[in-house]
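The sequence and the structure come before the description.

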Amino acid sequence: MADSKKTSSMSRNRKVGNFFSYLLLILISVIWLFPFFGLVMQSFRSYATEYGGMVDYIIPKHFSLDNYTFLFSGQTNYLRWYGNTVIIAFFTAILQTLIVLCVSYALSRMRFTGRTLLMRIWLILGMFPGFLTMICMYFLLKQFGLTQEGAVPGLILTYIASCGMGYYVCKGYFDTIPKALDEAARIDGANRFQIMNIMILPLSKPIIIYTALTAFMAPWCDYIFASYVAFGTDKSYNVAVAMTRWVNTNDYQGYFTRFCAGGVLVAIPVTILFMALQKYYVEGVTGGAVKG
């Protein structure tokens, strides 16, 4: 009888605890999503019918697609900027993923002189913010014509340079794969490339997707370095830099709702990617954190 009462009390306490936990999570979600909701609503507010960027309501009184029509009307280079962003993010994700996988595999599976020292040096160098190299990087890229008109390939080169130092999570994931598989493949006559390509990579789908997503996100959202390299050349801007120029114009109120529409379109690809690949993303993070 006493055990039954104790079990009932624990069940009741658990339900109460779950209720307040869910309530807190719902409250946090509402607070976190409110700015995004406002951004989407503002993108459907027409400057022609509802004057100005300063209004005292969030939901438009008259929904309109004027802002989206403006983006694709040819009155602006938005499609060019969007294309630049896609190109930079796509090639950065592909090249950076390949480099990080190769470096991580080598550090995880091979033992060579200076391996530990190299890992320690990279760890120390990774503690310094990349902003310290901005001036040096700019003049270096300028020498090769990779600024302004050549900003797109210049940014791709910058994003993949030294990306091998971000091997930590990927190497940790490779460490969880039994090395007995490598030994069995070596006995069957497989070389290092065949072992990685045929055996290791098929087992590493979560960490590959995690690496590709993180590599894709950095240039997709970058503003600071992109504005530094592509300044003064409209056709070399990415979306972040170009839309920031919009809200810095004298016609801030006229471009604010267009800025919101452009921001919504920028968020769509990333949102779809994370929703479709969330499972692998989480597995990659947790799997790579098991060993260091």
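Helices (H or I, at least four residues) and strands (E, at least two) are DSSP runs, numbered from the N terminus. From the N terminus on, the elements of this chain run α-α-α-α-α-α-α-α-α-α-α-α-α. The chain has 13 helices and 0 strands.

The model is predicted: local features need pLDDT of at least 70, side-chain atom pairs count only at pLDDT 80 or more, and totals for chains, interfaces and linings use all residues. Residues are numbered from 1 along each chain as its sequence is written, and side-chain values use heavy atoms, with hydrogens and water left out.

## Chain totals

Accessible areas come from the Shrake-Rupley method with a 1.4 Å probe, and for residues only the protein chains shown count as cover. The chain exposes about 17,400 Å², and carbon and sulfur atoms supply 69% of that area. A residue is called buried under 20% relative accessible area, exposed over 50%, and partly exposed in between (1.4 Å probe, protein chains only). Of the 292 residues in the chain, 38% are buried. A contact means heavy atoms within 4.5 Å. Among contacts between residues at least 6 apart in sequence, 73% join residues at least 24 apart.

## Salt bridges

Side chains of opposite charge can pair when their charged atoms come close. A salt bridge is taken as a side-chain nitrogen of Lys or Arg within 4 Å of a carboxyl oxygen of Asp or Glu. By this rule the count comes to 2 salt bridges, listed below.

| Salt bridge | N to O distance |
|---|---|
| Arg-109 and Asp-182 | 2.9 Å |
| Lys-171 and Asp-175 | 2.8 Å |

Arg-109 lies in helix α3 and Asp-182 in helix α8 (residues 180-187), so this pair ties together parts that are 73 residues apart in sequence. Arg-109 counts as buried at 8% relative accessibility, and Asp-182 counts as buried at 6%.

Lys-171 and Asp-175 both belong to helix α7 (residues 168-175); being 4 residues apart, they are separated by about one helical turn. Lys-171 is buried, and Asp-175 is buried as well.

## Packing of α3 and α9

How do helices α3 and α9 pack, in terms of angle and distance between their axes? Helix α3 (residues 78-109) and helix α9 (residues 192-200) pack at an angle of about 105°, with their axes 12 Å apart. Axes here are lines fitted to C-alpha atoms, for helices over the stretch in contact, and angles run from 0 to 180 degrees between N-to-C directions. Angles under 35 degrees count as roughly parallel, over 145 as roughly antiparallel, 65 to 115 as roughly perpendicular, and the rest as oblique. The two helices α3 and α9 are therefore roughly perpendicular to each other. On the α3 side, Leu-101, Cys-102, Tyr-105 and Arg-109 take part, meeting Arg-192, Ile-195, Met-196 and Ile-200 of α9. Arg-109, one of these α3 residues, also forms the salt bridge with Asp-182.

## Nonpolar surface patch

Patches are made of residues with over 30% relative accessible area and no salt bridge; like charges are joined within 9 Å, and nonpolar side chains (Val, Leu, Ile, Met, Phe, Trp, Tyr) within 5 Å. A nonpolar surface patch of about 930 Å² consists of Leu-117, Ile-121, Leu-123, Ile-124, Leu-125, Met-127, Phe-128, Leu-132 and Tyr-168. Helix α4 (residues 115-125) gives the most to this patch, with 5 residues. Phe-128 sits in the loop between α4 and α5 (134-143) and counts as exposed at 51% relative accessibility.

## Loop residues

Two residues other than glycine have a positive phi: Gln-148, at about 55°, and Ser-162, near 60°. Gln-148 is in the loop between α5 and α6 and is partly exposed, with a relative accessible area of 26%. Ser-162 is in the loop between α6 and α7 and counts as exposed at 53% relative accessibility.

Phe-144 is also found in the loop between α5 and α6 (151-160). At 64% relative accessibility, Phe-144 counts as exposed. Its C-alpha atom is separated by 8.8 Å from that of Gly-154, 10 residues apart along the chain.

Tyr-57 is found in the loop between α1 (2-43) and α2 (66-71), and counts as partly exposed at 21% relative accessibility. The C-alpha atoms of Tyr-57 and Met-41, 16 residues apart along the chain, are separated by 10.0 Å.
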